Amino acid sequence: MRLLILGTVPIEGGRVFAGRVSRGADGTLLVGDVSVPVSQGTASMLLAAATVAERFETAGPWAVLGGDIGRGDGTRVAYRQLEEALTESDALVVAFHYVQPIMALMREAVERLGPRVDAGELALVADAGGMYAAKACGAASRFELMTPDVGELGFLADPSVSHPAYVTHYLFGAERFDPISLARESAKSNGAARVLLIKGVVDRIAVGGEIVATVEEPNVAALEAIGGTGDTITGLAAALMAAGFPTVDAALCAARTNREAGARLGARPDHRAQDLVRLFPQVLREKLCAWSDACVC
Amino acid sequence: MALFRHRRAPRQTGDDGLGLFLFDDVSAALKAERVLGSAGYEVSLVAPPPHLRAGCDLAVALPRVERPGAERRLRESGAESKEWADTFAGTCALADLVTTVDFGSWLMVRAGNMKMTVEKSTGRIVNTSGGGCPDIPYLNLELVGNTLAGSMRPRELGYTLCGLMLDRAYRECCDLLGQEADPS
């Protein structure tokens with residue numbers, strides 16, 4: 001699978017874990033031969049992406065993960081390995097995920113990748129800290145897909161803030177919260193990727209700021225409470241893009257898979273993302289080809 | 001059931017005689033806030049102006065006239081800032097919109113971009129979600145399974161603005177369940 005994911009794992013000390021990703025038989029996550037902790041964050045994204053690789057019987061995605069508990073040390077080391085990882089992975093899709101949102105690092109990375117993006121050889125995906133950094137440094141419009149939740153959409157739409165913690169307008173839960181006009185605002189202010197998968201009670205897919213599709217069923221409210229269920233959607237979408245799905249199809253199938261798995265699980269707020277991922281193989285096997293013509297069964 | 005509580009500081013654009021201590025990371029800013037608060041200074045946590053931002057930024061604002069004493073206090077406490085900026089224009093306040101979702105046996109609190117879910121009967125933290133900074137998976141592993149009362153506060157464990165927002169959710173969970181948050 002020609003997908004490269006740059007992210008972090010919650011291990012102190014700035015060590016880098018790089019290699020082909022696979023799922024262990026017991027639900028563990030392997031990067032090369034090394035087992036990394038499974039938690040909310042990039043680990044959940046990788047588990048999800050790995051299930052797509054299994055569905056298509058291809059090698060898993062390539063990951064470069066910095067050991068980082070919030071000091072930014074692992075993030076910096078991971079960025080330094082980006083070029084080498086790009087060569088090793090021969091990626092068509094590069095996803096920036098849980099990284100410290102350091103604008104200078106993202107700006108530099110996008111500048112280096114820019115010629116390949118412009119030539120149509122590479123597509124960029126961002127979520128989490130990668131999305132925060134891409135928007136904050138003015139590079140969002142170079143990205144093909146971002147996957148904000150409703151709490152982050154206001155951030156993308158507000159050009160004056162560099163982190164969601166400072167969004168005081170347009171917050172989900174506030175009066176007049178309007179995701180449709182916020183999607184338009186985010187595109188107008190160059191704060192968004194070409195395609196947005198907006199995760200919420202209703203998942204919305206926007207292209208150029210206009211909503212083109214929604215996914216409402218099954219409605220599994222508890223998914224919002226479970227750490228990592230946004231990460232799994234991003235992993236599914238990025239992997240499906242790398243498998244050749246058009247971006248909007250990839251986003252739709254990702255949202256549907258997450259919800260269907262949540263319904264089959266009977267998701268509760270005390271479940272874990274890996275509980276959800278365990279159901280992805282059966283959902284992908286049974287439903288993917290019905291959801292998208294891009295699926296070759 | 002959703003409860004909405006919103007306390008929002010007005011966005012500051014003018015010069016109110018305030019300046020900023022700037023820091024390399026959020027936890028350093030929080031330490032300085034504690035030191036100065038304990039010493040009786042009235043300070044606020046804000047985003048620095050755009051030209052001073054690196055990405056995940058937090059600054060401490062206080063009246064410019066108080067800078068010398070405050071700087072000395074920070075130095076004596078090992079909480080020195082990276083630099084001082086004589087400007088308050090262009091700063092932003094932290095979001096303070098908190099909402100809740102009642103899941104029957106569990107209560108989820110949203111604060112900004114972060115969520116914490118607790119079991120009502122026991123006060124046990126059953127999940128955290130949202131965010132995007134690298135301390136969030138670490139906080140998820142450290143906090144989930146503990147009770148609110150038995151847990152360290154996210155702001156003591158985390159390093160970023162996402163961690164700070166999770167701390168806001170934690171405080172709200174404590175309030176709603178009638179538990180005492182660690183005052184640190």
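This is a predicted model: local features need pLDDT of at least 70, side-chain atom pairs count only at pLDDT 80 or more; totals for chains, interfaces and linings use all residues.
**Notes on rings, cores and a sheet**

1. Now to the rings themselves. A pair of aromatic rings is described by the distance of the centres and the angle of the planes. Over all chains, the count comes to 5 aromatic pairs. One of them joins Y132(A) and F155(A) edge-to-face, at 5.5 Å centre to centre and with 75° between the planes. This pair links distant parts of the chain, since Y132(A) belongs to helix α5 (residues 128-136) of chain A and F155(A) to helix α6 (residues 150-157), 23 residues apart. Y132(A) counts as buried because its relative accessibility is 0%, under the 20% cut-off. F155(A) is buried too, with a relative accessible area of 0%.

2. Chain B has an edge-to-face pair as well: F21(B) and W84(B) are 4.9 Å apart centre to centre, with 70° between the planes. Here strand β2 (residues 18-22) of chain B supplies F21(B) and strand β5 (residues 83-85) supplies W84(B), so the pair links parts of the chain 63 residues apart. Both F21(B) and W84(B) are buried.

3. Back in chain A, ring pairs tie Y79(A), F96(A) and F143(A) into a cluster. Two of these names return in the largest nonpolar core, which has 101 residues: F96(A), F143(A), M146(A), L58(B) and M116(B) touch the most other members. Helix α5 (residues 161-176) of chain B gives this core its largest share, 9 residues.

4. What does F143(A) contact, leaving aside its neighbours within four places in sequence? The partners include F96(A), M106(A), V110(A), L124(A), V125(A) and R194(A). There is also a second, separate core of 59 residues, with L236(A), A237(A), A239(A) and F280(A) among them.

5. Finally, the sheet. In chain A, 11 strands form an open sheet with mixed pairing, in the order β4-β3-β2-β5-β1-β6-β7-β8-β9-β10-β11. Why does one side of β4 (34-36) and of β11 (210-215) lack a neighbour in the sheet? These two strands of chain A stand at the edges, and each has a single partner strand. Strand β10 (residues 203-207) of chain A runs antiparallel to β11(A), and 5 bridges join the two. Within this pairing, V207(A) stands opposite E210(A) of β11(A).

Notes:
Residues are numbered from 1 along each chain as its sequence is written. Chains are lettered from A and ligands numbered from 1 in the order in which they are written. Side-chain values use heavy atoms; hydrogens and water are left out. Rings of Phe, Tyr and Trp (its six-membered ring) pair if their centres lie within 6.5 Å; planes under 30 degrees apart count as stacked, over 60 as edge-to-face and the rest as tilted. Helices (H or I, at least four residues) and strands (E, at least two) are DSSP runs, numbered from the N terminus. Buried means under 20% relative accessible area, exposed over 50%, partly exposed in between (1.4 Å probe, protein chains only). A nonpolar core is a set of buried Ala, Val, Leu, Ile, Met, Phe, Trp, Tyr and Cys residues joined through side-chain atoms within 4.5 Å. Contact means heavy atoms within 4.5 Å. Two strands pair if DSSP finds at least two bridges between them.
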